[in-house]
Amino acid sequence: MMAPKQQAGGGMSARSKIFASFAEAVRDIPDGAVIGFGGFAVVGMPINLYGAVAAQGAKGLTCVSNSTRGGATLPPDSPDMGQMIQNGQVKKVVCAFTAPTRASQRLVLSEYVAKGLIEAELVPQGTLAERMRAAGAGIPAFYTPAAVGTELAEGRETRVFGAREYLLEHALPLDYAMIRAYQADEAGNLRFRRSQRNFNPIMAMAARVTVVEVEEDILPVGAIDPDDVHTPGIFVHRIVKIPPPPEGWWPQLPASTPR
Amino acid sequence: MNERAKGLSRQQMCDRLAMEFGDGWIVNLGIGIPTLCSNCDFGDREIIFHSENGVIGYGPLAASGKEDMHLVNAGGQHVTLRPGAAIVHHADSFALIRSGRIDVTVLGAYEVAENGDFANWKTAGQQGGGIGGAMDLAACAKHVFVAMEHQTRNGAPRLVERTAIPATARGVVNLVVTNYGLFAVTPQGLELKEIAPGVTVEEIKTATGCNLIAHGEIPPVRRAR
């Protein structure tokens, strides 16, 4: 008899990846964890899991995300990385945006970086995606032409292939990925909708433990056709159905948007 | 917003660049002025718009009340999909960029140098920055076009000898449109190709921070028929 194998992500069997609450799904995050948060603008952003990690209170976190703020469709007062930063939970961010894109915008991150309380690592977006893809694909490092000749490449290893110079970049493995999907079955097979896919499947591959907030009711195993699975359940450990508002967080058009 | 009275409007700037898009080109638009390129009339040319967040083949902005909450472009605007559109994740989206599938990226910029260097991710003295996909796009697209105002709000030139703020990529810009005209980056330097109505070559030279090549009579900025 083979001893039952411990599943990555905390002893749940393959048949029961469903967690009853966001709080339960993030309970074991230790201080100092490296956590990826998916999403681009607000699409695919794990708003509910941001709230759960903020409430859970782990500190000294390294947070990886495209940016540290949402967009126009993030409901007012909803959780985001800014809240975790204000909680004093974040030691470092790794992002493609560490400053606002418009002069009129304010970023919570900026004042913490200015005071030396948070380290901000700025990474070109394609390099950020590929560093996590590499981590999920068992590749320790790669060369890319992005950022060659810029301030980001100063003092770093480059190499010429053919006639062109490339910059060495290292894989970026995650302890946890916090992502949002459109559909999931009980085995953790995921489907995303439209541009919701963005960083989410890549973070799931890069992470030791992937936690998913799911928009539709969780489906029985086999309900998603194998050809339609975007992220196989192998990469997914914990799934939580998002309750309808106001209990769960959902993107919404700004009140000022005429409808 | 902040539309200069003199020369081309922002839409006219983008209309002119869009005339350079070839039939069947895959086009990536940066945020800001370049997004107006998706409003242009392409006649019988087929243009495929790619957005860094994995959307291939998007169409016009969604009408008010018809927004799909799962679908935005690189600027976070709710767009529509054209028939034949496809969605990929971020690593595949940038695989497409890095492997040279993008025919042109149109980007905004703070500064463009006469040798094709440009800067668009960080202003002077700013802490941190917003790179987004600009470094990947600028390094790997077949053509890099820039659309920007000719001068800063304070009247400083944006076309310069060397960028004073940190560069996004070196020697990559092919074509620049400003409200004053159309400029090509050539091995000899920056060349004025077409001039906006109501602007003189002397005015442009005064407002430009590098040597400007201007051969003979400069034609007016062409307009799409």
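In which loop of chain A does Ala41(A) lie? Ala41(A) sits in the loop between strand 1 (34-37) and helix 2 (47-56) of chain A, where helices (H or I, at least four residues) and strands (E, at least two) are DSSP runs numbered from the N terminus. This is a predicted model, in which local features need pLDDT of at least 70, side-chain atom pairs count only at pLDDT 80 or more, and totals for chains, interfaces and linings use all residues. Residues are numbered from 1 along each chain as its sequence is written, while chains are lettered from A and ligands numbered from 1 in the order in which they are written.

**Contact between the chains**

- The contact takes 45 residues from chain A and 38 residues from chain B, two residues being in contact if their C-beta atoms, placed from the backbone, lie within 7 Å.
- On the side of chain A that touches chain B, helix 4 (108-114), strand 4 (119-122), helix 5 (125-137) and helix 6 (200-206) each supply at least two residues, and helix 5 gives the most, with 6 residues.

**Backbone features in chain A**

- Ala41(A) is not a glycine, yet has a positive phi of about 55 degrees; with 25 C-beta neighbours inside 10 Å, Ala41(A) counts as buried (buried means 20 or more other C-beta atoms within 10 Å, exposed 12 or fewer, and partly exposed in between, with C-beta atoms placed from the backbone).
- Asp77(A), also not a glycine, has a positive phi of about 65 degrees and is found in the loop between strand 2 (61-64) and helix 3 (81-86) of chain A, where Asp77(A) is exposed, with 7 other C-beta atoms within 10 Å.
- Pro245(A) and Pro246(A) are joined by a cis peptide bond with omega of about 10 degrees, and Pro246(A) belongs to the segment after strand 12 (238-241) of chain A.
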